[in-house]
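Take a look at this protein chain, one piece at a time. We will start with a few contacts, then walk through some helices and loops.

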Amino acid sequence: MRFGLLGTGHWAAETQGAALAAHPQAELAGIWGRDPAKAEALAGRYGTRPYTDVDALIAVVDAVAIALPPDIQSGLAERAALAGRHLLLDKPLAFTTEAADRIVTAVEERGLASVVFFTSRFAAPIETFLATAAAAGGWDGGRATAFASIFQPGSPYGASPWRRERGGLWDVGPHTLSVLLPVLGPVAEVTAIDGPRGATHALLRHRSGAVGTLALTLDARPAAMEFAVDFYGEQGSAAVPDAGTTAVKAFTSAVDRLLLSARNGGADPCDVTFGREVVSVLEAADRSRREGRTVTPA
């Protein structure tokens, strides 16, 4: 499958580009970025062609992999899907359910394969744990803490404008939801408040009756950095295991799953429909914390 890579930042260069260039069943056919000089440099690194016209790249590939801010990704993903290209996208899918819905519609109408790269969901130990937990049932709730600290010297993400503006809810929030939702099910209501250091604290009432709690920030004190998810219920408590892999290996698995979906026609568990569900919860939490009320996801 011929892939076009849209994006030239750290994630595109060190994760997506690296995985695509090395994948035995993928060809990295070209790279486009908002900065032509960076696109040229990255294309040279991976032995492919830089493009200054994104539509020209979309026209010559079978699929696009996107590593760009969510509001830019959503428009380009819709554009690529309308052109009949399979989608390998980053999280979150978009900043609004309206934008996410347009991508879902374009994908469904054209029978395309899609995968949203929720990193944890492409690690075998975590996928096995989630399948077992979902089959067991009987969970009263789940707790997720994602305390990152990206504004320290040397962080490749500290200068990201969208992360500074949107915070942990939109950056690490998708990771936690991608793990909670397969076990506890869809969310019926969200109540969220702001906390110290740019944190968002959210309470989720799932349709199953279970309750999920989220604590999220990108500006944790370095000594307080943590990423942990656990569930509690009839079986006692169970913690989600470590991924046991690297981001490049996880993205390689995402490429594998997109190829499988394109070949067999089945929907991936992390397709754009699931990505849209995650966006709807994030959007509800964002509105709840701003308006001081409980919100039902769209």
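Two residues are in contact when heavy atoms lie within 4.5 Å. Keep that rule in mind for what follows. This is a predicted model, in which local features need pLDDT of at least 70, side-chain atom pairs count only at pLDDT 80 or more, and totals for chains, interfaces and linings use all residues. Residues are numbered from 1 along each chain as its sequence is written, and side-chain values use heavy atoms, with hydrogens and water left out.

Begin with Arg2. It sits in strand β1. Helices (H or I, at least four residues) and strands (E, at least two) are DSSP runs, numbered from the N terminus. Which residues does Arg2 contact, leaving aside its neighbours within four places in sequence? They are Glu27, Ala29, Val60, Val61, Asp62 and Ala63. The C-alpha atoms of Arg2 and Leu28 are separated by 6.2 Å, though the two are 26 residues apart along the chain. Next comes exposure. Buried means under 20% relative accessible area, exposed means over 50%, and partly exposed is in between (1.4 Å probe, protein chains only). Arg2 has a relative accessible area of 30%, so it is partly exposed.

Asp62 is on the list for Arg2. Asp62 lies in the loop between α3 (54–59) and β4. Its relative accessible area is 36%, so Asp62 is partly exposed too. Leaving aside neighbours within four places in sequence, Asp62 touches Met1, Arg2, Arg85 and His86.

Now turn to helix α5. It has 14 residues and reaches 20 Å from its first C-alpha to its last, close to the 20 Å expected at 1.5 Å a residue. The expected span is 1.5 Å times one less than the number of residues. Buried in α5 are Thr97, Ala99, Ala100, Ile103, Val104, Ala106 and Val107. These buried residues pack against α4 (70–82), β5, β6 and α10 (272–291). Just after α5, Gly111 takes a positive phi of about 60°. The loop between β5 (86–90) and α5 (97–110) holds Pro92. The peptide bond from Lys91 to Pro92 is cis, with omega near -10°.

Helix α6 is next. Its 13 residues should span 18 Å at 1.5 Å a residue, and its end C-alpha atoms are 18 Å apart, which agrees. Ile126, Phe129, Leu130 and Ala133 are buried in α6. Seen down the axis, the buried residues of α6 fall within an arc of 95°, so they line one face of the helix. That arc is taken from the directions from the helix axis to the C-beta atoms. On the other side of α6, Ala124, Thr132 and Ala135 are exposed. What do the buried residues of α6 pack against? The partners are β7 (139–147), α8, β11 (226–233) and β12 (236–239). Just after α6, Gly137 has a positive phi of about 65°.

Two packed helices are described by the angle between their axes and the distance between the axes. Axes are lines fitted to C-alpha atoms, for helices over the stretch in contact, and angles run from 0 to 180 degrees between N-to-C directions. Helix α6 (residues 124–136) and helix α8 (residues 173–184) pack at about 30°, with their axes 8 Å apart. That makes α6 roughly parallel to α8. (Angles under 35 degrees count as roughly parallel, over 145 as roughly antiparallel, 65 to 115 as roughly perpendicular and the rest as oblique.) Leu130, Ala133 and Ala134 in α6 meet Ser178, Val179, Pro182 and Val183 in α8.

Helix α7 (residues 161–171) also packs with α8, at an angle of about 15° and with axes 6 Å apart. The two helices α7 and α8 are therefore roughly parallel to each other. Gly168, Leu169, Trp170 and Asp171 of α7 make the contact with Gly173, Pro174 and His175 of α8.

Finish with Arg197, in the loop between β8 (187–195) and β9 (199–206). Arg197 has a positive phi of about 60° although it is not a glycine. At 34% relative accessibility, Arg197 counts as partly exposed.
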